[in-house]
Amino acid sequence: MLRSLEVPDEPSLARALELELTDQLPPGSRVIPWRRGADFFALRVVPPGAAAEWVLRVPLREVTTSVYDGTVDFGDVVEREAFVHGLLERQGVPVAPLLGWGRASGAGDHSWMMFKRVDHDDRTSLSPPALAALGRVLRRVHAIAASPGLEAVIGRETAPEAMLKRVQTRVSALAERVGYSASDELLCRVQAVIGERAGLRDLRLTHMDLRPENLCFEGDDLVAVLDLSNCTFGDPAAELGRMAAYGTLTRDLLETYAHGEPLDDRLIAAYAVDTYALLGLLGAEEFADQKLVNRGLRGLDDCLQRLRR
């Protein structure tokens, strides 16, 4: 895997951001290391005398190249996130209030987004009432329809044709790195199922990372959806396939999202292949985590069994 830059250490990054964002922060504000995800740092911003903190979201690297996502410019990602944030806010989807954002302007600078910090339970699993709340919010997300102007900004990376190409790339890469003897049959069956959706005109906004870590709850109320970096237009079933792989596509969620409408299990399984292949590649390439590799391979086997029915 190629990387454009080494990941900075958090204390150095915090000091650099205090200088870079002098005109964005109240005088005397402190930037404090807090959390680190797969692609972004989250840092706390403490304004002097303020009762509430802010959160600064900064890419680990400005540009990366990987076998599972190709080349990604995180300045583009931040700009797209800020745009999607406005779309979701207008649709009534709960999001953390956005205070500002910017793209890196030169070598050594950082792209960034700043939010008001949302108090929440910091849970790692979702109860049935929480899943029902997520189903209602997901319905609002998928109510945002694509248009040529919106697609030009956000893209259509979960449209059926794009997903077929991505599944092909990810499954083939995983088979090459760790071995997966059923890859040809799996890809053939995925092609047959998702191929029937080719040319889908009713593309909708998809979030594509609705895990507990990206959801803020207070009790059973979903108060903020975080991390909009994967948002794009496409087939809503692609999102449901990802959620099936996460284990959140439950009856409680579907009762509020689909209102009893039947789902095509083979279509969900075909789209879930993308997520399981990604998990396997992350385990093999990013984290050297054999348990994650095995989870991805078991998921692919399960999808194949469902596609054979």
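A residue is called exposed when its relative accessible area is over 50% and buried when that area is under 20%, and I would like to begin with this because it lets us place two residues of today's structure, which is a predicted model. Serine 181 has a relative accessibility of 83%, and therefore it counts as exposed. Its place in the chain is the loop between α5 and α6, the latter being residues 183–195. From serine 181 to glycine 195 there are 14 residues in sequence, and the C-alpha atoms of the two lie 23 Å apart in space.

Is threonine 158 buried or exposed? Its relative accessible area is 1%, so threonine 158 is buried. As for its polar contacts, its side chain is joined to the side chain of threonine 206 at 2.9 Å, and the threonine 158 side chain also reaches the backbone oxygen of phenylalanine 233, at 3.1 Å. If we set aside residues up to four places away in sequence, the residues that threonine 158 touches include Met163, Arg166, Met208, Gly234, Asp235 and Ala238.

Helix α5, residues 160–178, packs against helix α9, residues 265–286, at an angle of about 35°, and the axes are 9 Å apart. The crossing of α5 past α9 is left-handed. On the α5 side the residues that meet α9 include Pro160, Met163, Val167, Val171 and Leu174, while among their counterparts in α9 are Tyr271, Val273, Ala277, Leu278 and Leu281. Sorted by class, this contact of α5 with α9 holds 13 nonpolar residues, one polar residue and five charged residues.

That brings me to the interior, and in soluble globular proteins nonpolar side chains tend to be buried together. In this model the largest nonpolar core has 67 residues, and the members touching the most others are Leu88, Leu186, Val190 and Leu205. The element that gives the most to this core is α9, with 13 residues. There is also a second, separate core of 15 residues, which includes Ala14, Leu21, Trp54 and Met114.

Which residues is leucine 205 in contact with, leaving aside its neighbours within four places in sequence? They are Val84, Leu88, Val141, His142, Ile144, Ile154, Cys231, Thr232 and Phe233.

Definitions and conventions. Residues are numbered from 1 along each chain as its sequence is written. This is a predicted model: local features need pLDDT of at least 70, side-chain atom pairs count only at pLDDT 80 or more; totals for chains, interfaces and linings use all residues. Side-chain values use heavy atoms; hydrogens and water are left out. Axes are lines fitted to C-alpha atoms, for helices over the stretch in contact, and angles run from 0 to 180 degrees between N-to-C directions. Helices (H or I, at least four residues) and strands (E, at least two) are DSSP runs, numbered from the N terminus. A crossing is left-handed if the near helix is turned anticlockwise from the far one by less than a right angle, and right-handed if clockwise. Contact means heavy atoms within 4.5 Å. Ala, Val, Leu, Ile, Met, Phe, Trp, Tyr, Cys and Pro count as nonpolar, Asp, Glu, Lys and Arg as charged, and the others, Gly among them, as polar. A nonpolar core is a set of buried Ala, Val, Leu, Ile, Met, Phe, Trp, Tyr and Cys residues joined through side-chain atoms within 4.5 Å. Buried means under 20% relative accessible area, exposed over 50%, partly exposed in between (1.4 Å probe, protein chains only). A polar contact is a pair of N or O atoms within 3.5 Å; within protein, one must be able to donate a hydrogen and the other to accept it, and residues adjacent in sequence count only if both atoms are side-chain atoms.
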